[in-house]
Amino acid sequence: MTRTLHWTVGVDLTEDEGTTKARAELDMGSAKITGKGTARCNPSDVDVPAIGDELAASRAMKDLAGQLMRVANRDMEAVGADTVPQHTGPGYGWPEAVT
């Protein structure tokens with residue numbers, strides 16, 4: 001049996017005084033999940049808005065992915081299946097801005 005779904009992810013970005021905030025929303029038809037991410041330009045660095053956009057958006061999508069994994073884990077537990085092990089290793093890239 002073939003099953004086809006269409007899920008949509010939209011990302012909204014706002015920048016104010018060197019801080020970029022992103023909001024990523026996954027629309028699954030029957031439910032929506034929202035992830036958030038922030039990036040802040042170091043005052044000693046050159047302000048390149050595209051980099052802030054990329055960092056904030058990637059962090060919002062990472063947050064969204066984590067939430068979706070938690071939903072899947074709850075659903076698997078509800079039907080008696082084992083859950084996927086959680087990654088607990090070190091982070092990567094530049095430190096995330098505190099929101």
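**View 1. The side chains of E25 and R23 meet in a salt bridge, with 3.2 Å from N to O.** A salt bridge is counted here when a side-chain nitrogen of Lys or Arg lies within 4 Å of a carboxyl oxygen of Asp or Glu. The model is predicted, so local features need a pLDDT of at least 70 and side-chain atom pairs count only at pLDDT 80 or more, while totals for chains, interfaces and linings use all residues. Residues are numbered from 1 along each chain as its sequence is written, and side-chain values use heavy atoms, with hydrogens and water left out. Side chains of opposite charge can pair when their charged atoms come close. R23 has a relative accessibility of 36% and counts as partly exposed; E25, at 23%, is also partly exposed. These terms follow relative accessible area, computed with a 1.4 Å probe on protein chains only: buried is under 20%, exposed is over 50%, and partly exposed is in between. E25 forms a salt bridge with K32 as well, and there the closest N and O atoms are 4.0 Å apart. K32 is exposed, its relative accessible area being 54%. Through shared partners, R23, E25 and K32 are joined into one network of salt bridges. The structure holds 2 salt bridges.

**View 2. The elements of the chain run β-β-β-α from the N terminus on.** The chain has 1 helix and 3 strands. Both kinds of element are DSSP runs numbered from the N terminus: helices are H or I runs of at least four residues, and strands are E runs of at least two. The strands form an open sheet in the order β1-β2-β3, with antiparallel pairing. β1 and β3 stand at the edges; each has a single partner strand, so one side of each is left without a neighbour in the sheet. Direction ignored, neighbouring strands of this sheet are turned against each other by 15 degrees on average. Two strands are said to pair if DSSP finds at least two bridges between them. In a regular strand the side chains alternate between the two faces of the sheet.

**View 3. Strands β1 and β2 form a hairpin with 2 residues between them.** Strand β1 covers residues 8-16 and strand β2 covers residues 19-27; the two run antiparallel and are joined by 9 bridges. V9 has L26 in β2 as its bridge partner, and L13 stands opposite A22 in β2. E17 is found in the loop between β1 and β2. Its phi is near 50 degrees, a positive value in a residue other than glycine. E17 is exposed because its relative accessible area is 79%. T19 belongs to strand β2 and counts as buried, because its relative accessibility is 18%. With neighbours within four places in sequence left aside, T19 is in contact (heavy atoms within 4.5 Å) with T14, T38, A39 and R40.

**View 4. The largest nonpolar core comprises 9 residues.** Its members are A22, A24, L26, M28, I33, A39, A56, A60 and L64. β2, β3 (32-40) and α1 (49-78) each supply at least two residues of this core. A nonpolar core is a set of buried Ala, Val, Leu, Ile, Met, Phe, Trp, Tyr and Cys residues joined through side-chain atoms within 4.5 Å. One of the members, I33, is in contact with A24, E25, L26, M28, L64, Q67, L68 and V71, its neighbours within four places in sequence being left aside.

**View 5. Helix α1 lies across β1, β2 and β3.** The helix runs at about 145 degrees to β3. Axes are lines fitted to C-alpha atoms, for helices over the stretch in contact, and angles between N-to-C directions run from 0 to 180 degrees. Which residues of α1 are buried? They are G52, A56, A57, R59, A60, L64 and N73, and the buried residues of the helix pack against β1, β2 and β3. At 1.5 Å a residue, the 30 residues of α1 should span 44 Å, which agrees with the 43 Å between its end C-alpha atoms. The expected span is 1.5 Å times one less than the number of residues in the helix. Just after α1, G80 takes a positive phi of about 85 degrees.

**View 6. The chain has 99 residues, of which buried residues make up 20%.** Among the contacts in the chain with a separation of 6 or more, 42% come from residues 24 or more positions apart.
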